[in-house]
Structure formats: C-alpha cells, structure tokens
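Welcome! Keep the 3D view open as you read.

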Amino acid sequence: MELFTFHVARSEAQLDIARSLRDAVYRPRLGLHLSDIPGEAQRDQMGHVFLLRRNAEPVGTVRIVPTSCPATELRQLGPLPQWAARDLCCGEVGRVATLKSGRTNAMSIRLLLVAWSARWVLRHSPLLRYVAYSRLALLPLWRQVGAVDTGVRFAIPDRGEAQYAVITGELADVASTTRSIDDETLEQVVTVS
C-alpha cells in the first residue's frame, strides 16, 4: 500500500520542489532545463502549482494557469486557440511531471495528479475548461480524462523535431476520474492500494 498526499504549492520552497521535480523528469527525457525557459517563474506565480507526494517524497507536479494570463505558454508559443485567450473560465494545464513510485507507475500517478488538481481548481477558482499541449505519444492518457484533440500540431523551437498536439476539455471530466474519492479526502491524506 502506498500513501499519497496532495498539496497546493504556495510557498517559494514548495515551488522550488515542483521546479526541481520538473527538471528531474524533463532533463533526462527531453534534455530540457525548464527553469531556464523565459516566463516559468511568472507562470508559477500566476497559476496554481500542485504537488503529489508519496510519503514525504515528491512524485508529481502539474501547473494550471488561466489562459487569460499574458504569460500563458501556449500564448507565447503561438497555438493558443482564440476562444481560450478570451475565456476567463479556461486554464492551461502544463508542466505535468511524474515519477514512478514503488508499485505505482508514472502514468497512474499522472492520472491521479491531474484529476485531483482539476477537482481542486473547480472548487477554488472560476476555471471550468482547459487547454494543453501534449506530445503525440501522450494523447491516449489525455483521452482517458476526456480530452479532445483539436487537430493543431506544432513543433517547439529548440526542442527537436517532436510534434505536439493542442488539446482541450472540461475540468469536470478530468475530475470525474476520481469521483470515488470524496471532497474531504481530496485535501487530506489519501491511501492508494
């Protein structure tokens, strides 16, 4: 049995943990040091950053930034849908980074983290919808939480030839993947077998 806790990263120390975890995941896989990307700290400050821990060990992080924010990454990269740029109830889901933890694989942790984050955002912000970009290989994960592929493909300068897809969906669909977990438990310790 693994014990997971879900946190909103509010302090600079917690944000540093999230940034370190992102770098630990993205650097070996994609050769990226995300902390060096312009606007990263600003996006963290303007959005909601979440941490998932197994016992005391950070195993996952995700960030959700309102798409009305001028620092939204998809806005800076270019493919932010016009409707999302004006939608005060839309957030950009990004910087999903997860590690395998014990018997729980990184994909399961990713689903848990994204679903719990969506539930928190629905309860504590005006956000209802999301937009994100994803490597094509991860589209099946997003489909599991109800994402719709918009058909937009793009490459990111300095990140090789990889193609990314712009996806969108309803946060309620993402949150419903953990419907069996009540709202009180969401903000407390959760045990996953």
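A salt bridge is counted here when a side-chain nitrogen of Lys or Arg lies within 4 Å of a carboxyl oxygen of Asp or Glu. The model you are looking at is predicted. A search of the whole structure turns up twelve salt bridges, and there are three cavities of 30 Å³ or more.

**Salt bridges around R19**

- Start with R19 and E12, whose side chains meet in a salt bridge with an N to O distance of 2.7 Å.
- D16 and R19 sit three residues apart in helix 1 (residues 12-30), so about one helical turn separates them.

- Now find R95 and E40, whose side chains form a salt bridge with 2.9 Å from N to O.
- Is R95 buried or exposed? R95 counts as buried, at 4% relative accessibility.
- E40 counts as buried too, with a relative accessibility of 4%; the cut-off for buried is under 20%.
- Salt bridges that share partners join these residues and others into one network, made up of E12, D16, R19, R22, E40, R43, D44, R63, E73 and R95.

**The largest cavity**

- How much volume does the largest cavity have? Its volume is about 260 Å³.
- The lining of the largest cavity consists of 16 residues, and Y26, V96, Y133, S134 and L138 are the ones nearest its centre.
- Helix 1, strand 4, strand 5 (129-135) and helix 6 (139-144) are the elements that each give two or more residues to this lining.
- Strand 4 provides the largest share of the lining of the largest cavity, with four residues.
- Sorted by class, the lining of the largest cavity holds nine nonpolar, two polar and five charged residues.

**The second largest cavity**

- The second largest cavity holds about 40 Å³ of space.
- To locate the second largest cavity, select its lining residues: V62, I64, V93, V114, S117, A118, Y130, L171 and V174.
- At least two residues of this lining come from each of strand 3 (57-66), helix 5 (106-124) and helix 7 (171-175).
- Which element gives the most to the lining of the second largest cavity? Helix 5 does, with three residues.
- By class, the lining of the second largest cavity has eight nonpolar residues, one polar residue and no charged ones.

Note on methods
Residues are numbered from 1 along each chain as its sequence is written. This is a predicted model: local features need pLDDT of at least 70, side-chain atom pairs count only at pLDDT 80 or more; totals for chains, interfaces and linings use all residues. Side-chain values use heavy atoms; hydrogens and water are left out. Buried means under 20% relative accessible area, exposed over 50%, partly exposed in between (1.4 Å probe, protein chains only). On a 1 Å grid over the protein atoms alone, a cavity is a set of points where a 1.4 Å probe fits but cannot get out, and a pocket is an open set with protein on both sides within 12 Å along at least five of seven lines; lining residues have an atom within 4 Å of a point. Grid points are joined across faces, edges and corners, and a volume is the space filled by probe spheres set on the points. Ala, Val, Leu, Ile, Met, Phe, Trp, Tyr, Cys and Pro count as nonpolar, Asp, Glu, Lys and Arg as charged, and the others, Gly among them, as polar.
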